[in-house]
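This briefing goes through one protein model by topic. Please keep the sequence and the structure at hand while reading.

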Amino acid sequence: MINLLSDTVTKPTSGMLQAMFAAEVGDDVFREDPTVNALEAKCADLFGHEAGLFCPSGTMTNQIALKVHTRPLDEVICDEMSHIYQYEVGGYAFNSGIGVNLIRTPNGILSADLVEAAVRPPYDWLPRSTLVVIENTCNKGGGGVYPLETIREIRAVCRSKRLALHLDGARIFNALVAKGGTPADIGAAVDSISICLSKGLGAPVGSVLVGSRDFIAEARRVRKAMGGGMRQAGYLAAAGIYALDHHVERLQEDHAHARCLADTLAALEYVQNIRPVETNIVIFDLVPPATPAVFWSI
Ligand SMILES: *Cc1c(COP(=O)(O)O)cnc(C)c1O
């Protein structure tokens, strides 16, 4: 039985476990863990940014980004389907004291026009728009990929309106593998990125936040305040380095499997409305009276 619930349902390969065993470690709160430092530098370099920060989860990297990019009473513009709104327990309000300005799209892919229309005018009685978050690929949207040009157009709006642009890139490597382009191209078009190592890349734990040196210096303080300062975290970072070195190209296999699954589902009369499959996510509806319980029992 293969569990297709999520790309988080993975276990380390023996090669990854060996890399973890062999890791050189130190106390990362004192910045003395060479493996964590290497992972952070590797991610920053890949995306052409100055610095990186290893965190226990993608929720934490996103929440830190929200906190550092905003002040209380600000507002973040994002898609209604975005992870920061749907699946982070309302942490934007809890951790940062900010609101959300939600945009509705069919697939979680924003456009520059939609973003521009959502930016608030500077009246005392309105929340202040200071941040846009895009999600590439968009999980709830079905794993669709942003065209690079669209990200650049959104960035231009952000620049002209003085908003920061954060990329929730939990599955950024799925996007790159599916549509081409380089991490540096994506990196150059945004202010900060969250990268998940524990999704399709198969590491057991970990996400990396990348951005400018000043941004990451502040992010490091917020991480500590959130309880995310880890000690000999190099054992986990080693899994992340291994994943980046060995598992990025293999995402293609996941994408091929997802397409195969979608094709198989398309032939079933009790399945309808399969969303376009661009990467590793397949979303579909059942034709009533079929229910998930019936589907599982077939
Ligand atoms: C999984 C995911 C995250 C982070 O999730 P964690 O489980 O906290 O690591 C962030 N954004 C998106 C789009 C995700 O799918």
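A residue is called exposed when its relative accessible area is over 50%, buried when that area is under 20%, and partly exposed in between. Arg-162, with a relative accessible area of 75%, is therefore exposed. The model is predicted.

**Nonpolar cores**

- The largest nonpolar core has 50 residues, and the members that touch the most others are Leu-39, Phe-54, Val-132, Ile-134, Ile-154, Ile-172 and Phe-173.
- Helix H11 (residues 234-246) gives the most to this core, 6 residues.
- Another core, of 11 residues, lies apart from it and includes Cys-55, Leu-209, Phe-215 and Ile-216.
- In soluble globular proteins, nonpolar side chains tend to be buried together.

**Helix H8**

- Helix H8 (residues 172-179) has Ile-172, Phe-173, Asn-174, Ala-175 and Leu-176 as its buried residues.
- Among the elements that cover these buried residues are helix H2 (34-46), strand S5 (164-169), helix H9 (183-188), strand S6 (192-196), H11 and H12.
- Gly-180 follows H8 and has a positive phi, near 75°.

- Asp-74 belongs to strand S2 (residues 74-79).
- Asp-74 is buried and has no salt bridge; Arg-128, the nearest side chain of opposite charge, is 4.1 Å away.
- The side chain of Asp-74 has a polar atom 2.8 Å from the backbone nitrogen of Arg-71, and it makes a polar contact of 3.0 Å with the side chain of Thr-130.
- Leaving aside residues up to four places away in sequence, Asp-74 touches Ile-98, Gly-99, Arg-128 and Thr-130.

**Salt bridges**

- The structure has 12 salt bridges.
- In one of them, Glu-75 pairs with Arg-120, with the closest N and O atoms 2.7 Å apart. Glu-75 is in strand S2 and Arg-120 in the loop between helix H6 (112-118) and S4, so the bridge ties together parts that are 45 residues apart in sequence.
- Glu-75 counts as buried, at 4% relative accessibility, whereas Arg-120 counts as partly exposed, at 32%.
- Glu-80 forms a salt bridge with Arg-104, with 2.8 Å between the closest N and O atoms. Glu-80 sits in the loop between S2 and helix H4 (83-86) and Arg-104 in the loop between strand S3 (99-103) and H6, 24 residues apart.
- Glu-80 is partly exposed at 24% relative accessibility, and Arg-104 is exposed at 67%.
- Asp-285 and Arg-275 meet through their side chains in a salt bridge of 3.5 Å, N to O. Asp-285 lies in strand S9 and Arg-275 in the loop between S8 and S9, 10 residues apart.
- Asp-285 has a relative accessible area of 27% and is partly exposed; Arg-275 is partly exposed too, at 29%.

**Aromatic pairs**

- There are 6 aromatic pairs in the whole structure.
- The ring centres of Tyr-270 and Phe-295 are 6.3 Å apart and the planes stand at 70°, so this pair is edge-to-face. Tyr-270 is in the loop between helix H12 (251-266) and strand S8 (271-272), and Phe-295 is in helix H13 (residues 292-297), so the pair ties together parts that are 25 residues apart in sequence.
- Phe-295 also pairs edge-to-face with Trp-296, at 5.8 Å centre to centre and 75° between the planes.
- Tyr-270, Phe-284, Phe-295 and Trp-296 make up one aromatic cluster. Within it, Trp-296 counts as exposed, at 71% relative accessibility.

**Leu-261**

- Leu-261 is in helix H12 and is partly exposed, with a relative accessible area of 32%.
- Not counting residues up to four places away in sequence, Leu-261 touches Leu-4 and Val-282.

**Backbone features**

- The peptide bond joining Asn-136 and Thr-137 is cis, with omega about 0°; Thr-137 is in the loop between strand S4 (128-135) and helix H7 (148-161).
- Another cis peptide bond runs from Pro-288 to Pro-289, with omega near 10°; Pro-289 is in the loop between strand S9 (285-286) and H13.
- Arg-31 is a residue other than glycine with a positive phi, near 60°, and lies in the loop between helix H1 (14-21) and H2.
- Arg-162 likewise has a positive phi near 60°, and its place is in the loop between H7 and S5.

Technical notes:
Residues numbered from 1 in each chain as written. Predicted model: local features only at pLDDT ≥ 70, side-chain atom pairs only at ≥ 80, totals over all residues. Heavy atoms only, no water. Phe/Tyr/Trp six-rings, centres within 6.5 Å; stacked < 30°, edge-to-face > 60°. Helix = DSSP H or I, 4+ residues; strand = E, 2+ residues; numbered from the N terminus. Buried < 20%, exposed > 50% of the residue type's maximum accessible area, 1.4 Å probe, protein only. Core = buried A, V, L, I, M, F, W, Y, C linked by side-chain atoms within 4.5 Å. Lys, Arg positive; Asp, Glu negative; His and termini not counted. Salt bridge = Lys/Arg side-chain N within 4 Å of Asp/Glu carboxyl O. Polar contact = N/O pair within 3.5 Å; in protein donor to acceptor, adjacent residues only side chain to side chain. Contact = heavy atoms within 4.5 Å.
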